[in-house]
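Dear colleague,

Please find below the structure that I promised to hand over.

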Amino acid sequence: MDISELMKKATIFHGHICPGVAIGVLVAKYAIENGFEHSPDEELVAVVETDNCSVDALQAILGTTFGKGNLIHRDYGKNNFTIFSRKAKKGVRLSLKNTFFDKQKANRDERVKLLLESNLEDVFDIEVVDYNPPPKAQIEESISCEICKELTMSSRMIDYQENKMCIPCYQKFKK
Ligand SMILES: [Zn+2]
Ligand SMILES: [Zn+2]
């Protein structure tokens, strides 16, 4: 799998070249080469602990996307990526080594180059994890909010003062 092709694909989706995209490309490349193939449906699920640039590379290359519900964001602010394959029933976790960028004071372009030229083992700690992916995305009924009348997923409705309402309406009422 050609790294420059993957960088191109991710960069078109993301909009610019940056170290984050390079990190995501490396994660995606590792995944594809180790039996986690691109996911047209929900074969793969990615659990990411960051919402930075890197995640766009996973969306573009692995097909783990926000819209399909097979991209789960845990808001920990860490460069950790866990990929599960529902087909192969396995999981792997890559986490950026905290010492990786210590080696040299690199600017943005140099960081991209450094990432793409390094051995993967020098960039990430890689471990096989137990197969326990998050549940599949649910298709859920939508109902009208009694206040704003907008269709809202039923699990996101709140009962408040004998009205069923959406979260933004609830927040206005609460004030
Ligand atoms: Zn970026
Ligand atoms: Zn509402």
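Axes here are lines fitted to C-alpha atoms, for helices over the stretch in contact, and angles run from 0 to 180 degrees between N-to-C directions; helices (H or I, at least four residues) are DSSP runs, numbered from the N terminus. This is a predicted model, in which local features need pLDDT of at least 70 and side-chain atom pairs count only at pLDDT 80 or more, while totals for chains, interfaces and linings use all residues. Residues are numbered from 1 along each chain as its sequence is written, and chains are lettered from A and ligands numbered from 1 in the order in which they are written.

The axes of H1 and helix H3 (residues 54–62) come within 8 Å and cross at roughly 115°, which means that H1 is roughly perpendicular to H3 (65 to 115 degrees; under 35 is roughly parallel, over 145 roughly antiparallel and the rest oblique). In this contact (C-beta atoms, placed from the backbone, within 7 Å), Leu6, Lys9, Ala10, Phe13 and His14 of H1 meet Asp56, Ala57, Gln59, Ala60 and Ile61 of H3.

With helix H2 (residues 19–33), helix H1 (residues 3–14) has an axis crossing of roughly 125°, and the two axes come within 10 Å; H1 is therefore oblique to H2. On the H1 side of this contact are Ile3, Leu6, Met7, Ala10, Thr11 and His14, whereas H2 contributes Val21, Gly24, Val25, Ala28 and Lys29.

Definitions and conventions:
Helix = DSSP H or I, 4+ residues; strand = E, 2+ residues; numbered from the N terminus. Contact = placed C-beta atoms within 7 Å.
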